[in-house]
Amino acid sequence: MTVESLEADRSQAGRIRSRWSPYVNTARYLVLFAFACFFLMPVYVMVVTALKDSVEVSVPGMWELPQRLSLESFQAAWDKPAIRRGFVNSVLLAVPASLISSMLGAANGFVLAKWRFPGANVVFPLILFGMFIPYQAVLIPLTRFMTDLNLRGGNDPTGGLFGLTLIHIIYGLPITTLIFRSYFAGISDEIIESSQVDGAGMLRTFFFVALPVSLPAFGVSMIWQFTSAWNDFLFGFVMTSTKGWPITIGLNNIANVQTIPFNEAMASALLASLPTLLVYVLLGRFFMRGLMAGALKG
Amino acid sequence: MTEKTPTAGPVGIRLERVSKRFRGGVLAVDGVDLEIEPGEFVVLVGPSGCGKSTVLRMIAGLEDVSAGRVYLGDRDVTNELPQHRDVAMVFQSYALYPRMTVRRNLGFGLRMRGTPRAERERRVAEVAQVLGLDHLLDRRPAALSGGQRQRVAMGRAIVREPKAFLMDEPLSNLDAKLRVSMRTQLSLLHQRLGATTVYVTHDQIEAMTLGQRVAVLRDGSLQQYDTPQRLFREPVNLFVAAFIGSPSMNFVEGSVSGGTADLAGVRVPVPAGTPLAGAERPVIIGVRPTAMALATANGWPQLTVEPSIVEDLGDERYVIFDVDAPRVDTDATRAAVAARSADETSLLVTERARFTVRLPTDVPVSVGEPLTLSVNPDRLHFFDPQTGAALG
């Protein structure tokens with residue numbers, strides 16, 4: 001067989017297949033399906049239990065579907081101050097924390113990728129290093145510091161929520177900077193240069209040219225930041241008083257301290273996890289969209 | 001573009017001993033002097049890596065100047081930021097702003113310079129009309145074809161009425177046909193606008209057809225800066241001779257003695273009255289493909305050859321043959337050949353020099369049939385084998 005005919009064969013088939021490949025594929029999907037079921041089991045129990053009447057809830061019957069759909073448990077969960085106030089607090093925390101952190105990360109990333117300054121090669125690794133500092137390592141000095149600033153718990157009118165937001169903004173910077181730097185590094189230098197020649201300085205190039213094309217990076221960064229601020233427990237626990245409790249603390253308290261029916265606990269947990277899902281659904285579509293289309297020769 | 005807004009109009013550009021050394025020590029541009037008249041169309045040409053784009057980027061301010069000075073008109077802009085230089089640049093990739101419509105792309109430079117909205121809209125509309133973009137104004141770049149994007153990139157520069165246009169291989173991403181037509185359009189546009197233009201290309205045909213003057217660069221230094229005519233007729237060295245002209249000049253090693261040159265065994269008179277006429281030395285002889293013709297009784301020295309390839313192009317014919325003299329293989333000719341399309345480098349290396357000659361199609365020529373050619377002695381070029389400099 002000549003080289004050409006071999007190549008022709010290959011391109012016709014698309015790829016090389018063995019005769020076992022149909023069975024291999026079936027097996028592969030079966031295994032994946034089994035894993036998916038395994039991981040979704042707790043979610044199933046949570047959803048099913050949350051939709052049950054309190055009389056229907058029992059440990060032996062936890063795998064059964066509800067006889068009758070009931071949203072009572074959600075109402076009951078929402079009526080608990082720890083959940084409702086916690087939910088509002090978490091929104092007040094996670095929205096600014098993710099927005100501001102992403103904006104600052106975009107600015108950092110832009111400068112590090114496209115407006116190289118002397119020493120950028122040192123600054124970037126230093127910022128990245130922040131990502132690898134575990135929460136526990138800074139916890140005690142941070143508590144001390146925030147107490148001295150009167151931003152922690154009791155002394156603060158927001159119950160420590162403002163200080164907690166600040167912490168999440170700053171702690172998020174390394175990862176948002178990394179996300180935006182990588183994204184901007186993939187944008188052609190010529191677009192940035194073109195804007196300079198057109199008369200825009202650094203700030204205007206950032207706002208008019210770079211920022212509009214960085215929506216995918218914003219999507220990623222917002223999802224990441226929102227999720228980590230929303231799900232944080234440790235900082236929330238240390239930094240806030242009752243008034244400023246985020247929902248993670250509220251959830252923990254009603255589940256551990258008070259004795260409440262399973263269905264209400266499950267409904268609370270479901271409520272607490274909805275916003276992160278929502279953010280993913282809303283912003284996830286930016287992930288794949290190519291916003292650079294048409295800029296270059298193409 | 002009929003009524004001029006109160007701008008100063010085109011200005012000249014002057015480079016004085018401009019050098020660029022990149023971090024890491026590579027000397028990309030080495031002491032280039034270049035004077036561009038107001039309204040002139042100058043082409044920088046050379047093989048890739050010769051520093052032509054770096055020179056352009058230094059004029060734009062996108063690259064720091066390591067040594068020397070850059071003047072726009074009378075103003076020393078060496079240390080000025082690109083946004084303050086008032087030049088417009090067309091990039092190879094077009095570099096359109098992807099999230100803006102064509103209208104906003106065109107108006108961006110004016111907006112950044114604080115041109116009032118009404119004035120901006122008028123100028124955008126005018127340029128869009130000239131370039132045939134009026135029906136595309138509300139599209140995003142993604143919805144445009146390659147040629148349309150190219151025109152938007154051009155329009156974005158024109159609309160600003162800048163002091164100078166800088167173009168970095170703007171046609172190289174178009175297909176061959178569109179490239180030729182855009183080349184004509186560019187010439188017309190320049191005639192109409194009369195703007196100072198610096199144009200970078202690696203394509204010597206583009207350089208010859210577009211440039212009022214052409215600067216040939218090699219390894220960061222300026223080889224020759226002259227009109228296309230003079231570059232072709234009086235190349236200052238082997239590199240320029242090999243780089244300019246298509247098909248390229250034929251070279252052969254030879255020698256001069258007693259007022260004649262030995263071209264593959266044929267004695268060809270050296271122009272009288274030149275220093276070379278009295279010299280006795282080895283030389284490299286260059287012969288343009290058009291400097292040979294079918295032998296007639298005009299008294300020109302004659303050479304009998306055996307064609308090895310005949311390329312028929314319809315109204316002209318290229319005949320390729322080996323001559324009985326050593327092939328010229330210097331850095332200069334190699335660099336020039338490498339810079340041209342890859343198919344011009346020979347697959348089969350022979351030790352003998354290979355010549356191409358352009359002949360009319362009215363006389364039949366076939367491979368292997370001996371053919372007698374005459375050489376125009378006035379159109380021979382002589383170069384120093386060591387330095388590559390033109391002699392005579």
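# Exercises on a predicted two-chain model

Helix α8 (residues 189-197) of chain A is mostly covered, with eight of its nine residues buried. A residue is buried if 20 or more other C-beta atoms lie within 10 Å of its own, exposed if 12 or fewer, and partly exposed in between, with C-beta atoms placed from the backbone. Helices (H or I, at least four residues) and strands (E, at least two) are DSSP runs, numbered from the N terminus.

The model is predicted: local features need pLDDT of at least 70, side-chain atom pairs count only at pLDDT 80 or more, and totals for chains, interfaces and linings use all residues. Residues are numbered from 1 along each chain as its sequence is written, and chains are lettered from A and ligands numbered from 1 in the order in which they are written.

## Exercise 1: helix α8 of chain A

Task: list the buried residues of α8(A) and state which elements they pack against.

Solution. 
- Step 1. The buried residues are E190(A), I191(A), I192(A), E193(A), S194(A), S195(A), Q196(A) and V197(A).
- Step 2. Within chain A, their packing partners are α4 (81-114) and α9 (202-213). In chain B, the partners are α1 (52-60) and β6. Contact here means that the C-beta atoms of two residues, placed from the backbone, lie within 7 Å.
- Step 3. Just after α8(A), G199(A) has a positive phi of about 110°.

## Exercise 2: the side of chain B that touches chain A

Task: describe the contact between the chains by residue count, element and class.

Solution. 
- Step 1. On chain B, 26 residues are in contact with 23 residues of chain A.
- Step 2. On the chain B side, β6 (87-90) and α2 (102-112) are the elements that give two or more residues.
- Step 3. By class, this side has 18 nonpolar, five polar and three charged residues. Ala, Val, Leu, Ile, Met, Phe, Trp, Tyr, Cys and Pro count as nonpolar, Asp, Glu, Lys and Arg as charged, and the others, Gly among them, as polar.

## Exercise 3: backbone exceptions in chain B

Task: locate Y94(B) and A95(B), and give the phi of each.

Solution. 
- Step 1. Most residues other than glycine have a negative phi, and most peptide bonds are trans.
- Step 2. Y94(B) is not a glycine, yet its phi is positive, about 75°. For A95(B), also not a glycine, phi is positive at about 50°.
- Step 3. Y94(B) is in the loop between β6 and α2 of chain B, and A95(B) is found in the loop between β6 and α2 as well.
- Step 4. Y94(B) counts as buried because it has 28 C-beta neighbours inside 10 Å. A95(B) counts as buried because it has 28 C-beta neighbours inside 10 Å.
- Step 5. A cis peptide bond joins S246(B) and P247(B), with omega about -5°. P247(B) is in the loop between α8 (238-243) and β11 (250-257) of chain B.

## Exercise 4: strand β7 of chain B

Task: explain why β7(B) is described as largely enclosed, and trace its pairing.

Solution. 
- Step 1. Five of the five residues of β7 (residues 164-168) of chain B are buried, so the strand is largely enclosed by the rest of the structure.
- Step 2. A164(B), L166(B) and D168(B) point one way from β7(B), and F165(B) and M167(B) the other way.
- Step 3. Four bridges join β6(B) to β7(B), and the two run parallel; two strands pair if DSSP finds at least two bridges between them. V90(B) stands opposite M167(B).
- Step 4. β7(B) is also joined by five bridges to β8 (residues 196-201) of chain B, again parallel. In this pair D168(B) stands opposite V200(B).
- Step 5. The chain crosses from β7(B) through helix α5 (residues 176-193) to β8(B) in a right-handed β-α-β crossover. Right-handed means that, with the strands pointing away from the viewer, the path from the first strand over the helix to the second runs clockwise.

## Exercise 5: Q225 of chain A

Solution. 
- Step 1. Q225(A) is buried, with 28 other C-beta atoms within 10 Å.
- Step 2. Q225(A) and A94(A) are 131 residues apart in sequence, but 7.7 Å apart in space, C-alpha to C-alpha.
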